[in-house]
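Trainee: Could we go through this structure together? I would like to begin with the aromatic residues and then turn to the ligand.

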Amino acid sequence: MSRYLTPALAGLEPYTPGEQPRVQNLIKLNTNENPYPPAPGVAAAVAGEVPALRRYCDLNCTALKDAAAARLGVGAENLLFGNGSDENLMLAIRAFCDAQRPLAFADVTYGFYPVWCDLFGIPKHIVPLCEDLSLDPAAYCGLGQTIVIANPNAPTGRWLPPAALVPVLEANPDNVVIVDEAYVDFCDAENASCVPLTRRYDNLLVVQTFSKSRSMAGARLGFCVGSAGLIADLERVKYSMNPYNVNALTQAAGAAALADEAYFRQTTAAIRAARTWTAAMLTALGFTVLPSQANFLFAKTPKMDGEGLYKALRARGILVRHFGAPRTKDWLRITVGTPEQMQALETALREILLSK
Ligand code: PMP
């Protein structure tokens, strides 16, 4: 840190991303990436875009918006694309919170929400999850604050059907409710998303990403859906910070990914099947496993503490995520990978737990 940094930023605790090791042959189950490659058409679409790189990219992400609008049954004016959902969440928090308008979110949820609050000087209202790490929507009713709810939640994987969040929308009519649906495409239910509710509630902003279900974490692409008014507000912030926020290669990749619905269905189904298998395997080994609708499982064993198990798995070439906070320190968050990766996880766990 230099002596020039402003005191407010010097006191900031930045977000800690999951480790991205350069070592080969690790089974990487720590950042909820998709084990399958992007849709087959993505490579050619990206290559075809190279000649156009001399120009600035489309500020409006027109092709992407048209494709997503048709798929989601909303208008192009209801969509904003950004540099991963991280950017869209940041724009939303910047737009809809300030010193007088705190952000309310769970104590166990995505670790970036408090960081943006600190960066922008926004007070945090931390709402504890229930004893079993489930979220009680009643705890968010009538808050009169901006709210962000990850659904499915991370790192728990627990999910609430959209109808359960309607009371939160109705009880906070003068405040924006952000629903972070980074993992929604892994839900078993067909109508798992809150997107259709954006037509009825102008205070709802739904945030989704191409990082998980579309296998494009490295491309940095996310979008949000909301009333035309909310989207215009976010554009106001975007055009005041970084108008060319989604580069041309990523726009081409995203449009190609959206065009291949069959591949999307096939890969998300494979992950859901591997999730079911892995949850049963962990339960059989004596783990407590939270019911997950995401591409990860949150699990703990009475035989070992979370950090010890994390280290033992790492020593066997398997990387999972351990969070050290009081309510999460006993648990591991394990990304659901391919069936082969999950079998390797089982072998490693059996070896480790045998001696316990
Ligand atoms: N929200 C949640 C709940 C997440 O877990 C993540 C991934 N770390 C994100 C948002 C951000 O995803 P991305 O920026 O890659 O779209």
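**Aromatic pairs, ligand and surface**

Mentor: Phenylalanine 210 is buried, and phenylalanine 223 is buried as well. Please keep in mind that this is a predicted model.

Trainee: How are the rings of phenylalanine 210 and phenylalanine 223 arranged?

Mentor: Their centres are 6.0 Å apart and their planes stand at 80 degrees, so the pair is edge-to-face. The cut-off for that class is an angle over 60 degrees.

Trainee: Where do phenylalanine 210 and phenylalanine 223 lie?

Mentor: Phenylalanine 210 is in the loop between strand E7 (204-209) and E8, while phenylalanine 223 is in strand E8, so the pair ties together parts that are 13 residues apart in sequence.

Trainee: How many aromatic pairs does a search of the whole structure find?

Mentor: The search finds 13 aromatic pairs. One of them joins phenylalanine 81 to phenylalanine 223; this pair is tilted, with 5.4 Å from centre to centre and 40 degrees between the planes.

Trainee: Which parts does the pair of phenylalanine 81 and phenylalanine 223 tie together?

Mentor: Phenylalanine 81 belongs to strand E2 (residues 79-82) and phenylalanine 223 to strand E8 (residues 222-226), so the pair links parts that are 142 residues apart in sequence.

Trainee: And are phenylalanine 81 and phenylalanine 223 buried or exposed?

Mentor: Both phenylalanine 81 and phenylalanine 223 are buried.

Trainee: Which residues form one aromatic cluster?

Mentor: The cluster is formed by Tyr15, Phe105, Tyr110, Phe112, Tyr113 and Trp116. Tyr110 is also among the residues around the ligand.

Trainee: Changing topic, then: which other residues are around the ligand?

Mentor: They include Gly84, Ser85, Asp86, Leu89, Asp180, Ser211, Lys212 and Arg220.

Trainee: What lies 2.6 Å from a nitrogen atom of the ligand?

Mentor: That is a polar side-chain atom of aspartate 180. Serine 85 contributes a polar backbone atom, which is 2.7 Å from a ligand oxygen atom.

Trainee: How much of the ligand's accessible area does the protein cover?

Mentor: The ligand has 400 Å² of accessible area on its own, and the protein covers 91% of it.

Trainee: Finally, the surface. Which residues make the nonpolar patch?

Mentor: Met1, Leu5, Leu9 and Leu119 make a nonpolar surface patch of about 400 Å². Leucine 5 sits in the segment before helix H1 (7-10).

How values were computed. Residues numbered from 1 in each chain as written. Predicted model: local features only at pLDDT ≥ 70, side-chain atom pairs only at ≥ 80, totals over all residues. Heavy atoms only, no water. Patch = residues over 30% accessible without salt bridge, like charges linked within 9 Å, V, L, I, M, F, W, Y side chains within 5 Å. Areas by Shrake-Rupley, 256 points an atom, 1.4 Å probe, with all protein chains shown as cover. Salt bridge = Lys/Arg side-chain N within 4 Å of Asp/Glu carboxyl O. Helix = DSSP H or I, 4+ residues; strand = E, 2+ residues; numbered from the N terminus. Near = heavy atom within 4 Å. Polar contact = N/O pair within 3.5 Å; in protein donor to acceptor, adjacent residues only side chain to side chain. Phe/Tyr/Trp six-rings, centres within 6.5 Å; stacked < 30°, edge-to-face > 60°. Buried < 20%, exposed > 50% of the residue type's maximum accessible area, 1.4 Å probe, protein only.
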